[in-house]
Amino acid sequence: MKIRSRATPPAAFALGAELHRARMRAKFGLREQADRVDVPPANISHWEAGSRRPSPDMTSYLLGLFKVAGPEYKRLRELASNVHNSMHVEHRIPARTA
């Protein structure tokens, strides 16, 4: 049996770390942010860990919520766009031979 997994693009981890930093600078708790954007707190955790990615529109909304502006906003919005446009590499694990 072949098992497939999708590699997470490095940009997803970078975006997650940036979102976490922005949330901390804005002094939002995880649950407070989740309530404001109407998503479960687990989604926020997954986004910040890079294991899931918010949509580019959600990223823009979060950046606005955290009052990120100017060149930093543009850089993070571009990073979010790159995360969604990047290709995933599928890794194949060889089947066990008996």
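This is a predicted model: local features need pLDDT of at least 70, side-chain atom pairs count only at pLDDT 80 or more; totals for chains, interfaces and linings use all residues.

Trainee: What span should the 16 residues of helix H1 have, and how far apart are its end C-alpha atoms?

Mentor: Helix H1 covers residues 10-25, and at 1.5 Å a residue its 16 residues should span 22 Å.

Trainee: Where do the buried residues of H1 fall when seen down its axis?

Mentor: The buried residues are Ala12, Leu15, Gly16, Glu18, Leu19, Ala22 and Arg23. An α-helix has 3.6 residues a turn, so residues three or four places apart point the same way. Seen down the axis of H1, the buried residues line one face of the helix, since they fall within an arc of 165°.

Trainee: Which helices do the buried residues of H1 pack against?

Mentor: The buried set includes Leu15 and Leu19. Its packing partners are helices H2 (30-37), H3 (41-49), H4 (56-65) and H5 (70-85).

Trainee: Which residues touch the most other members of the largest nonpolar core?

Mentor: This core has 20 residues, and the elements giving two or more residues to it are H1, H2, H3, H4 and H5. Leaving aside residues up to four places away in sequence, Val37 touches Ile44, Met58, Tyr61, Leu62 and Leu65. The residues that touch the most other members are Val37, Leu62 and Phe66.

Trainee: Is Gln33 buried or exposed?

Mentor: Gln33 lies in helix H2. Not counting residues up to four places away in sequence, Gln33 touches Arg23, Phe28, Ile44, Glu48, Leu62, Leu65 and Phe66. Buried means under 20% relative accessible area; at 2%, Gln33 therefore counts as buried.

Trainee: How many residues apart in sequence are the parts tied together by Arg23 and Glu48?

Mentor: Arg23 forms a salt bridge with Glu48, with the closest N and O atoms 2.6 Å apart. Arg23 lies in helix H1 and Glu48 in helix H3, so the parts that this pair ties together are separated in sequence by 25 residues.

Methods. Residues are numbered from 1 along each chain as its sequence is written. Side-chain values use heavy atoms; hydrogens and water are left out. Helices (H or I, at least four residues) and strands (E, at least two) are DSSP runs, numbered from the N terminus. The expected span of a helix is 1.5 Å times one less than its number of residues. Buried means under 20% relative accessible area, exposed over 50%, partly exposed in between (1.4 Å probe, protein chains only). The arc is that of the directions from the helix axis to the C-beta atoms. Contact means heavy atoms within 4.5 Å. A nonpolar core is a set of buried Ala, Val, Leu, Ile, Met, Phe, Trp, Tyr and Cys residues joined through side-chain atoms within 4.5 Å. A salt bridge is a side-chain nitrogen of Lys or Arg within 4 Å of a carboxyl oxygen of Asp or Glu.
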